[in-house]
Amino acid sequence: MPCIEVEGLTHVYFPGIPLETVALRDIELTVYDGEFIALAGAAGSGKSTLAQHLNGLLLPTAGCVRVLGRDITDKEYRQQLWRQVGLVFQFPERQIFSPTVFEDIAFGPRNMGWDSITVNKRVKETLALVGLPEEIQDEDPRTLSGGMLRRVAICGVLAMRPQVLIMDEPGAGLEPAARQLILTSIKEIQSQQGITVILITHHLEDAAVFADRVAVLHQGELLSVGKTGEVLSQTRILHKAGLKAPFAVELAQRLNELGIKLPTMPLTVEEAARLLYGLIKTTGAGSGGVQ
Amino acid sequence: MPGQSNLLIELQSVSYAYPGSQFPVLQDICLCVGRAEFISVIGPNGSGKSTLARIISGLLLPTGGRVLVDGMDTGTPKTRKDIRRRVGLVLQNPDNQLVAAVVEEDVAFGPENLCLPSAEVRRRVEDALNAVGLSQVRGRPPHMLSGGEKQRLAIAGLLALCPLCVVLDEPTSMLDPVGRQEVLQVLRHLSDSGTAVILITHHMDEAAGADRVWVLGKGGVLADDEPAAVFSRVKLLHELGLTSTSAGDLAYRLSERGLELPTGIVIMEDMIKYLCRVLK
């Protein structure tokens with residue numbers, strides 16, 4: 001089932017004046033229900049502009065965007081659209097303003113008109129979803145570490161129970177373990193609750209581990225979209241888009257040029273380790289000390 | 001005497017606790033930076049990396065111990081100005097430190113404030129823009145630049161002050177891979193041409209390009225060594241919520257499976273050499 005349909009989407013900033021910029025050009029993209037899709041591209045490629053169309057913060061200059069079957073320009077749908085599509089901006093912790101973690105997460109749900117029992121329940125559930133202890137709800141957000149704070153900020157969006165979650169670089173500026181933890185919990189929520197996740201990133205290592213499909217944007221145009229494995233092995237397209245292929249892909253291609261062929265294309269370091277180990281074992285050289 | 005020894009910056013048992021806090025962020029830190037040395041600093045969130053950057057650049061004064069920059073104590077009010085000229089700080093978001101409406105004017109801001117003659121200002125702006133590769137866009141407004149260009153502009157603003165050391169607090173975390181590469185090349189070039197570089201980063205592959213790596217954690221310095229040595233200590237890094245480089249991680253995963261790899265494989269080239277040897 002298509003969840004989001006983007007047809008011929010063009011967006012022009014400042015039309016008609018000298019600052020006129022075409023940010024998106026004729027984008028065709030379908031996002032399916034319950035999938036994890038990565039939207040990759042260099043700075044200025046149009047990722048964020050596209051994302052803002054998906055929850056109606058921006059409206060198309062031309063073309064159309066349908067979310068869950070309804071056109072985003074439909075005024076009556078707008079309220080509902082904002083509830084259905086949660087958008088986590090870059091560095092979302094900068095938008096935290098409440099004195100306690102609970103208050104901050106409860107802000108959205110309260111505005112949805114839920115009663116306090118439901119709001120309480122949602123806050124607790126959401127904290128558990130991202131792996132934060134319940135006691136944290138009484139803490140002052142300013143006392144938390146960067147990784148925890150980021151998770152609290154994401155909770156604020158998740159607590160509204162969106163059907164579609166859009167995240168703009170959720171791991172930026174975090175230590176590797178915190179980054180991993182956030183993406184792992186989002187992946188779990190996606191597979192358990194069947195929500196659709198759109199991850200905006202220029203870090204393809206994350207896309208390699210978590211995404212089902214990857215769409216690559218370059219200067220406002222869609223260069224490539226497909227299964228993660230297919231898109232990430234098209235290194236030439238990735239380079240054109242100003243992106244860097246995952247380490248495992250680059251390694252496999254370098255080895256290939258040197259005449260060492262891996263049976264399949266690894267996307268992650270773990271896959272590369274598995275394939276290389278197999279290869280070293282079968283060639284016999286790797287059993288025991290290889291010096 | 002300033003300018004004499006090969007040692008540029010020295011941290012002697014430095015501790016720091018934020019005002020009103022019982023717990024020191026940094027405790028009893030001893031570190032040194034040589035002239036033209038390229039150091040990267042890694043550590044989990046909250047390990048005091050940014051605090052350390054501010055202490056080294058003299059924006060914060062240690063609550064214990066002392067910091068010597070080019071022989072001068074950052075705690076001495078008289079030398080503060082001299083120290084700030086010698087050590088420059090670049091922040092995560094370049095927009096926070098660009099001040100002028102035109103690229104070259106932004107670079108000129110620092111030297112103009114030093115009341116240098118205009119010919120000298122012009123020369124320094126010229127050199128700084130060349131060093132970061134932005135001469136072509138000198139007449140443009142900074143907001144029209146890409147993230148990588150903006151960050152290089154912020155670096156140029158410091159270079160115009162002819163610093164002996166540039167401290168960068170996660171300068172690449174908001175940049176795409178191309179912008180990131182641009183900034184790293186500039187840093188390598190700086191260090192090669194005599195300016196010390198201290199780079200704080202969460203990207204291990206980036207950190208591995210330095211001459212030396214400091215690992216911060218638990219209030220102290222847990223490692224201070226060459227990249228090959230630091231990124232081979234995968235268990236320590238994991239304990240801290242960090243990882244090795246991609247190549248180091250692969251080496252670790254292979255050795256977990258029972259292969260005996262030579263130590264110190266932390267970059268792609270070394271991994272390829274090793275694989276060629278065992279697979280050909």
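Trainee: A salt bridge is a side-chain nitrogen of Lys or Arg within 4 Å of a carboxyl oxygen of Asp or Glu. How many salt bridges does the structure hold over all chains?

Mentor: The structure holds 36 of them over all chains. This is a predicted model, in which local features need pLDDT of at least 70 and side-chain atom pairs count only at pLDDT 80 or more, while totals for chains, interfaces and linings use all residues. Residues are numbered from 1 along each chain as its sequence is written, chains are lettered from A and ligands numbered from 1 in the order in which they are written, and side-chain values use heavy atoms, with hydrogens and water left out.

Trainee: What does A:Glu125 form a salt bridge with?

Mentor: Its partner is A:Arg161, and the closest N and O atoms are 2.5 Å apart. The pair links distant parts of the chain, 36 residues apart: A:Glu125 is in helix α4 (residues 116-129) of chain A, and A:Arg161 is in the loop between α5 and β7 (164-168) of chain A. Helices (H or I, at least four residues) and strands (E, at least two) are DSSP runs, numbered from the N terminus.

Trainee: On to the two chains. How many residues does the contact take from chain A and from chain B?

Mentor: Chain A gives 41 residues and chain B gives 38, where contact means heavy atoms within 4.5 Å. About 3,600 Å² is buried between the chains, 66% of it from carbon and sulfur atoms. Buried area is the accessible area (1.4 Å probe) that two parts lose on being put together, summed over both.

Trainee: And how many salt bridges are counted between chain A and chain B?

Mentor: The count is three. In one salt bridge, the side chains of A:Arg254 and B:Glu269 meet at 3.0 Å, N to O.

Trainee: Which elements give two or more residues to the side of chain A that touches chain B?

Mentor: They are α5 (146-158), α6 (176-193), α10 (247-257) and α11 (269-283) of chain A. The largest share, 10 residues, comes from α11(A). By class, that side of chain A divides into 22 nonpolar, 12 polar and seven charged residues. Here Ala, Val, Leu, Ile, Met, Phe, Trp, Tyr, Cys and Pro count as nonpolar, Asp, Glu, Lys and Arg as charged, and the others, Gly among them, as polar.

Trainee: Within chain A, how far apart do the C-alpha centres of domain 1 and domain 2 lie?

Mentor: They lie 34 Å apart. Domain 1 of chain A is 1-84 + 166-174 + 198-238, and domain 2 of chain A is 246-291; the bounds come from an automatic or database domain assignment. Nine residues of domain 1 are in contact with seven residues of domain 2. The two domains bury about 650 Å² between them, 69% of it on carbon and sulfur atoms, and the count of salt bridges between them is zero.

Trainee: One last topic: in what order do the four strands of the open sheet in chain B stand?

Mentor: The order is β2-β1-β4-β5, with antiparallel pairing. Two strands pair if DSSP finds at least two bridges between them. β2 (26-34) and β5 (72-73) of chain B stand at the edges, each with a single partner strand, so one side of each is left without a neighbour in the sheet.

Trainee: Over how many bridges do β1 and β2 of chain B pair?

Mentor: Strand β1 (residues 7-16) of chain B pairs with β2(B) over six bridges. B:Leu11 has B:Leu31 in β2(B) as its bridge partner.
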